[in-house]
Every structure is written in structure tokens, then in C-alpha cells.
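Here is a quick tour of one model, from its overall layout down to a few ring contacts. Have the viewer open while you read.

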Amino acid sequence: MAGSVHPRQLALALPHAESLTRDDFLEGTANEAGLALIESWPDWPNRIMLLVGPEGSGKSHLAAIWAERAGARSTSAHALSAESVPADLATGALVVEDLNPHGFDERAMFHLLNLARQDEAFVLMTARIPPSAFEIELRDLRSRLRAVPTVSLLPPDDLLFRGLIVKYCTDRQMAVDESLVSYLASRIERSYAAARRAVELLDTEALRLGRPVTRALAAELWRNA
């Protein structure tokens, strides 16, 4: 029909389940210390441990593996309250995700650390930066948090970085080949978050345009990178 306008196809933001099992964890030199910690449980150097690493480095994946093994409950640091702590520790093991400088109740955290010690419970916390960089008002909590042993997850090397691209594509049921992986690996920042964002962009644009995910599509998207 003359003068008709074809509507632009919209890509729906559907959720994509990321597998958090041990079999789907990508091992590398960047995360070997974190994986060793999880696999050494319950023979930890301390019942309270902290995983520190950049966005997307696998902290939550490792925490999920440990929670399955230890029968741990999971919560986020910002959801902690003094009233919830006893229930959070009811199984004797707890994951506390995303500890950050301004996102938690200091008194609730202090109560958690004290009760965990008293009950001989295990606690695994995750954070992007170590507590030594936090400004904490409660002096006793500041010293307690800074004394928690820390295991660091490092930026990915080339092999792990390429593997992450493949995994993120697989999680989204995207078929990719070596040429696409090599192209992305040479064009985007070598970080966990950048790999995830790149795959999300490819998937979104492929759906919007009704095209397969190929090196050619990636070249159009990163033409000036």
C-alpha cells in the first residue's frame, strides 16, 4: 500500500537464565583462588570469608555453588536487619551478597558477625571492593570487617575472556563461531562486564533486525571501536 509505514520490530527484554552450577563455572587463573576456597569448604581458614572481585567476575556464581554444598541461605547486604539475622543464620551457613560502602545497616552487620561467631556458623560475603575502602562509623565493626580473610577474583585473561563470550552467548541460546568470538575479543574492553554487555547488545540488535548473530553484525555495531 502506497505511503504505508512498516512498524519497527521491537526486541523484547526477556529474562535469560544463567546457569550457576559447578559444571557451568568457567575456570581460569583469574578465579582459581575463589574456586579453591569454595571447594575447600568446610576446611576454611576462617568461618567468615569474603570474595572480592569486579562486576561479573563470578562472585555470585561461586556463592551459589557454595550455598548448594553448604545448605546456605542467601541474602543481600542491604536486606540485612538486626531482626532477620537469627533466621538468616538458621541453617548454619549464609551467603551475603553485594557488600558495598553505603548499602548496609552497620548494626545489623555487627550483629551478624557476632552471632555467626557465637553459633560457629559459616558466612560467605561478596563485594566489589574490600572493606578497607569503606567508611564505617562503628569502630568495632570496622575492625571486624577488615579482619575477615579476603579472596580476590582478578580480571580475565584472554582464554577466560573468550570463554565468557561463548558462555554468555550459550546462556542466550545464540549460536556463535570462532570468527565472531575473535572479533569481539579484539574490539571490546577485556572485562567481565564488557563481555556481558556486548553479548546483550548483539542479541538485542539481532532480534530487532531479524538477523542472525554473525561477525558481520558485530562489525556493524563496533565499526568505530
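Reading from the N terminus, the elements of the protein chain go α-β-α-β-α-β-α-β-α-β-α-α-α-α. That makes 9 helices and 5 strands, where helices (H or I, at least four residues) and strands (E, at least two) are DSSP runs numbered from the N terminus.

A word on ground rules: this is a predicted model, with local features needing pLDDT of at least 70 and side-chain atom pairs counting only at pLDDT 80 or more, while totals for chains, interfaces and linings use all residues. Residues are numbered from 1 along each chain as its sequence is written, and side-chain values use heavy atoms, with hydrogens and water left out.

The average pLDDT (the predictor's confidence in each residue, from 0 to 100) is 90 for the protein chain, and 91% of the residues score at least 70. Residues 1–14 are where the pLDDT is below 50, and beyond near neighbours in sequence that stretch has 7 contacts in the model; contact means heavy atoms within 4.5 Å. Along the principal axes, the C-alpha atoms of the protein chain fill a box of roughly 75 × 40 × 30 Å.

Of the 225 residues in the protein chain, 42% are buried. Buried means under 20% relative accessible area, exposed over 50%, and partly exposed in between (1.4 Å probe, protein chains only).

Now for the cores, meaning sets of buried Ala, Val, Leu, Ile, Met, Phe, Trp, Tyr and Cys residues joined through side-chain atoms within 4.5 Å. The largest nonpolar core has 26 residues, and Leu89, Val96, Leu99, Met109, Met125 and Leu145 have the most contacts inside it. At least two residues each come from β1, β3 (93–99), α4 (106–119), β4 and α5 (139–147), with α4 giving the most, 6 residues. Take Met109: leaving aside neighbours within four places in sequence, its contacts are Leu80, Val96, Leu99, Phe104, Met125, Leu141 and Leu145. Apart from this core lies another, of 24 residues, including Phe161, Tyr183, Leu184 and Ala195.

The expected span is 1.5 Å times one less than the number of residues.

| Helix | Residues | End-to-end C-alpha distance | Expected span |
|---|---|---|---|
| α8 (192–209) | 18 residues | 26 Å | 26 Å |

The cover over the buried residues of α2 includes α1, β1, β2 (73–76), β3, β4 and α6 (158–171). For α8, the cover includes α6, α7 (178–187) and α9 (215–221). After α2 comes Gly71, with a positive phi near 65°, and after α8 comes Gly210, with a positive phi near 70°.

Finally, the rings. There are 5 aromatic pairs in the structure; rings of Phe, Tyr and Trp (its six-membered ring) pair if their centres lie within 6.5 Å, and planes under 30 degrees apart count as stacked, over 60 as edge-to-face and the rest as tilted. Trp41 and Phe122 have ring centres 5.6 Å apart and planes at 75°, so they sit edge-to-face. This pair links distant parts of the chain, 81 residues apart: Trp41 is in the loop between α1 (32–40) and β1 (48–52), and Phe122 is in strand β4 (residues 122–127).

Which of the two partners is buried? Phe122 is, because its relative accessibility is 11%, whereas Trp41 counts as partly exposed at 24%. Ring pairs also join Trp41, Trp44, Trp66 and Phe122 into a cluster.
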